[in-house]
Amino acid sequence: MVMTAEPDVPQETSSCFARFSDVQKSYDGETLVVKGFNLEVRRGEFVTLLGPSGSGKTTCLMMMAGFETPTHGEILLDGIPINKLPPHKRGIGMVFQNYALFPHMSVAENLAFPLEVRGMSKEEITSKVANALDMVRLGEFGDRRPGQLSGGQQQRVALARALVFEPELVLMDEPLGALDKNLREEMQFEIKRIHQRLGVTMLYVTHDQTEALTMSDRIAVFNDGIVQQLATPEALYEAPENAFVAYFIGENNRLNGVVSRLDGGEAYCTVTLDGGEEVKALPVAIKAMGERTQLSLRPERVRLLAEESSDAPLPDNVFTAEVKEVIYLGDHLRTRVAVCGSEEFIIKTPNADGYPVLKPGQSLKVGWDAQDCRALDA
Amino acid sequence: MSDSSVPATSGPEGLTTADGVPLKQSLNRAVRRSRLKALLLVAPLLIFIGLAFVMPIFDMLSRSVDNPEVSTYLPRTSESLTHWDGEGLPDEAAYAALAQDLAAGLKARNLGRVASRLNYEMSGMRSLFTKSARKAGRMEPPFKEALIKADKDWQDPDIWRLIKRESGLYTASYYLAAIDRQFSPTGEIVEKPEYLQIHVVLFIRTFWMSAVITGLALLLAYPVAWLLATLPAGRGNLLMILVLLPFWTSLLVRTTTWIAILQQQGVLNDMLVGVGLIAEEARIQMIYNKTGTIIAMTHILLPFMILPLYSVMKTIPPSYMHAARSLGAGPVTAFRRVYFPQTLPGIGAGSILVFILSIAITSRRHWWVGSPVASLPTSSPTTCRPRSIGGWQRPLARFCWSW
Ligand SMILES: Nc1ncnc2c1ncn2[C@@H]1O[C@H](COP(=O)(O)OP(=O)(O)O)[C@@H](O)[C@H]1O
Ligand SMILES: [Mg+2]
């Protein structure tokens, strides 16, 4: 996870490099694929658009690249509206999901292409291509055809090609989707390394939350045509602002109920669950008493309470749970319990000394603090 | 696991399996069955191709050089001419053999075949043979004088050379005739007299027309194929049906329609006159000439260009063009450097298909049917009708017919 110093502090507009301003897009004139999309990407930043498949991420990227026109709204690059600018004049590098390496050209010719169309001299092209190949550690592969490279190598060529003409903004549309797990992790690191070295602004699209959390400075969680939350990876995980973000990022226990006490003076509210239990929670997305809410609780924030230990202070909420299933995952154990009317309540405990070994059917006390339990929109 | 993981052991004669059988041998045994199955599956097609394609081709090729007449029907003459050096006149033995052959041929009623065969090569041979044969039965030695008395052409060494040349079982003269060449009396390959030359001209014209048709078809097909490959499925299918429409229409209907459109009193001329582009007296002749042939054939052959192009374009994802554009190439450069090169296999396949087909069709018209669409030089003495198939036409006509 990469963290910038104070990313959430609003910065002066001059540092905003690429900007979607209230962008809407419809393909068929009946439904809006993108509704009121607002996003500001600062210069040199790595911003990820994270959202489920079909949520309109590619559409947004295509509008930035100039292959789709927004139905409404404005896209600005360095403060200049680019809605009317054809793709080849935008100077935006792009990495496609299927790489889109030209199959009839060698790797070096692929890299030389953007330089040739810019009318650079032969020597300049040769040296830039060599540098770019070295950067992605494919120095000896210049003469090969893309078809003769492995998936990871093709990916790196695509990356080098998008960077070789030194664009200020690089777009990537699920570039690692076709790679296996190990290669994907290696490439995540590689992309991050290159980003830090070149200081280029990157707008990255993925549906893989791990990828987004590992690489991004900021993540825009995208669903239903709008940005649900734009924040650093840490903030997204620790403090999701709505039920979708909580559900989409990481694992998450959900409890449904109605707000029964909400006092402006107090930090916490009380929620009466549908089963009648009362839970103290942190009000995040609720405004009034009587409102329906969904409580979101990370599995690793639930504590198992041994009967006899009374030295540690009890958490704000304590309930009796029945163990349904224990899954051994090596470094940690996932325990599924029935509590507060939910049969799918997950508890994560480290596989280490000091944690009880649970058996299905066993009954025990579990608890969590009110501040870890976020009351979100229903 | 247990079977497949038995290691191959290295014996004195290479690798062996666990039970001592050489690895190669046991592998062969293992694949033999699947090979046999594969062979059985393709057998019907193999037999069909053999009977319907390979054998006729062999037959056709052998007939184009086949030359049995002289050696079969003039056996003694052929035999005695083998020792002749071709200088001056052959000896008495050859004349005697010829007289015998003529008499025998007259009786067996097969002299006509050899006479016609030799008549292809030199006119007057038929009458020479018929005339001499009638007298051959009553000839007395010395046969040389007797034959020359019967017809003084027998003292022409060229005739003897011709008989000797054609007494072989194979001949190149059909092929020579196909390229407007012939054997001179002395056996050299020379051009035919100018007024008999037509085939090379027709060859060139056929190739040229086919090239023009191929080029036109490519120009017309490329955008259509591109549309087909990029349109959404619904409209794409409709367009595809339109493209395939010529296949659904009979040749007769198509041809008649083109005549109706292109003839001097036809639709197109009417329209041109109607809008005042051309004068009533200056209606353009667009059919029964090259123009008509090119228009009609381009139309007929267009699907053969569109389909290969379409199948190649269908496999080119739009992301290639997007990539090219995002890398800074304008639409034209992106097309020229990225899209077009990737369609070359389709262009190649389509062009070869159209070119071959149009050669087949035009040549069949030129040589086989003598159709009004073909443009034979009217002054040519050669009539191109099936009746006159023979000589040079044999190999070529067979060749064309095989399409
Ligand atoms: N060219 C197009 N024409 C019509 N609909 C499209 C087109 N491209 C995408 N869509 C629709 O827009 C929605 C969003 O697609 P997309 O932007 O590709 O989503 P994502 O990249 O997040 O998976 C989908 O429902 C898809 O069906
Ligand atoms: Mg997508």
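This is a predicted model: local features need pLDDT of at least 70, side-chain atom pairs count only at pLDDT 80 or more; totals for chains, interfaces and linings use all residues.

User: What makes the contact of Arg193(A) with Glu190(A) a salt bridge?

Analyst: The closest N and O atoms of Arg193(A) and Glu190(A) are 3.1 Å apart. The rule asks for a side-chain nitrogen of Lys or Arg within 4 Å of a carboxyl oxygen of Asp or Glu, so the pair qualifies. Over all chains the count by this rule comes to 35 salt bridges.

User: How many salt bridges does the rule find across the interface of chain A and chain B, and which side chains meet there?

Analyst: The rule finds one across that interface. Its partners are Arg337(B) and Glu116(A), with N to O at 2.8 Å. The cut-off is 4 Å, therefore this pair too is called a salt bridge. Five residue pairs are in polar contact between chain A and chain B, both residues being at pLDDT 80 or more.

User: Which elements of chain A give two or more residues to the side that touches chain B?

Analyst: They are β6 (92-95) and α2 (107-116) of chain A. α2(A) gives the most, with three residues. By class, this side of chain A has 16 nonpolar, three polar and three charged residues.

User: What is the extent of the contact between the two chains, and what share of the buried area comes from carbon and sulfur atoms?

Analyst: Chain A contributes 22 residues and chain B 18 residues. The area buried between them is about 1,700 Å², and carbon and sulfur atoms give 67% of that area.

User: In what order do the strands of the open sheet in chain A run, and why are β2(A) and β5(A) placed at its edges?

Analyst: The order is β2-β1-β4-β5, four strands with antiparallel pairing. β2 (34-42) and β5 (80-81) of chain A each have a single partner strand, so one side of each is left without a neighbour in the sheet.

User: How do you know that β4(A) and β5(A) are paired?

Analyst: Two bridges join β4 (residues 72-77) of chain A to β5(A). Leu76(A) has Pro81(A), in β5(A), as its bridge partner.

User: Which strands does helix α1(A) touch as it packs on the sheet?

Analyst: Helix α1 (residues 57-65) of chain A touches β1 (16-25), β2 and β4 of chain A. The direction of α1(A) makes about 120° with that of β1(A).

Conventions
Residues are numbered from 1 along each chain as its sequence is written. Chains are lettered from A and ligands numbered from 1 in the order in which they are written. Side-chain values use heavy atoms; hydrogens and water are left out. Contact means heavy atoms within 4.5 Å. Buried area is the accessible area (1.4 Å probe) that two parts lose on being put together, summed over both. A polar contact is a pair of N or O atoms within 3.5 Å; within protein, one must be able to donate a hydrogen and the other to accept it, and residues adjacent in sequence count only if both atoms are side-chain atoms. Ala, Val, Leu, Ile, Met, Phe, Trp, Tyr, Cys and Pro count as nonpolar, Asp, Glu, Lys and Arg as charged, and the others, Gly among them, as polar. Two strands pair if DSSP finds at least two bridges between them. Axes are lines fitted to C-alpha atoms, for helices over the stretch in contact, and angles run from 0 to 180 degrees between N-to-C directions.
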